[in-house]
Amino acid sequence: MIDAIRYLVDNGIKWRAMPSDFPPWPRVYVFFARWRDTGLIAERHDRLRGSVRRAEGRDEEPSAAVIDSQSVKADATVAFTSRGFDAGRKINGRRRHLLTDTLGLLLSVRVTPASATDRDAARTLLPAATGCFRRLSRVWADGGYTGHLVDWATAHLGLVPDVVRRSDDVQAFKVRSADIPTG
């Protein structure tokens, strides 16, 4: 069942297109829905993340994170109420807001219309994350998170948001060694 669900997610296929060497799709879906509704999938994900962090010599619970977003196009079949227009990237669709630990492992995610600003989405993403990860105290972000969010996160959540600004003379992605977390 786990392999069937992973195959479905990895390949982005429809439930009815499940290959015949897996159990029938209705049975796989029933297991998936039960595991999702009881929180088993999230618990498994959290345990795997903890195992990876321990193997890397880190505490199971992160103390620092990175937040960012990505706008993606949405098909015309996606409900208009869950889509928006990202004027900066000229994309009509949705935006994924991700919070990862410093190893890049997923901590939390929110999906909003693409018109939602990074700051507004972070106001829902960060409180949920601090509720789950008590050690979380520092968050790195790009320039889209400047402004009132920094003061709000410090005052209400006890987080230290660190907005990393891009240099005007850099044209491509470049790792800034001073910004690489060591802990």
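Modeller: Residues are numbered from 1 along each chain as its sequence is written, and side-chain values use heavy atoms, leaving out hydrogens and water. As the model is predicted, local features need pLDDT of at least 70 and side-chain atom pairs count only at pLDDT 80 or more, while totals for chains, interfaces and linings use all residues.

Colleague: Thanks! Why is V139 called buried?

Modeller: Buried means under 20% relative accessible area, exposed over 50%, and partly exposed in between, with a 1.4 Å probe and protein chains only. V139 has 3% relative accessibility, so V139 counts as buried.

Colleague: And what makes V111 exposed?

Modeller: V111 reaches 53% relative accessibility and therefore counts as exposed. V111 lies in strand β4; strands here are DSSP runs of E, at least two residues, numbered from the N terminus.

Colleague: Which residues is V139 in contact with, beyond its neighbours within four places in sequence?

Modeller: Contact means heavy atoms within 4.5 Å. For V139, which sits in strand β5, the partners include A65, I67, L99 and L126.

Colleague: How do you know that β1 pairs with β5?

Modeller: Two strands pair if DSSP finds at least two bridges between them. Strand β1 (residues 64–73) and strand β5 (residues 138–141) are joined by three bridges and run parallel, with A64 opposite R138.

Colleague: What about β1 and β3?

Modeller: Those two share nine bridges, in the antiparallel sense, β3 covering residues 91–101. There, A65 stands opposite D101.

Definitions and conventions: Helices (H or I, at least four residues) and strands (E, at least two) are DSSP runs, numbered from the N terminus.
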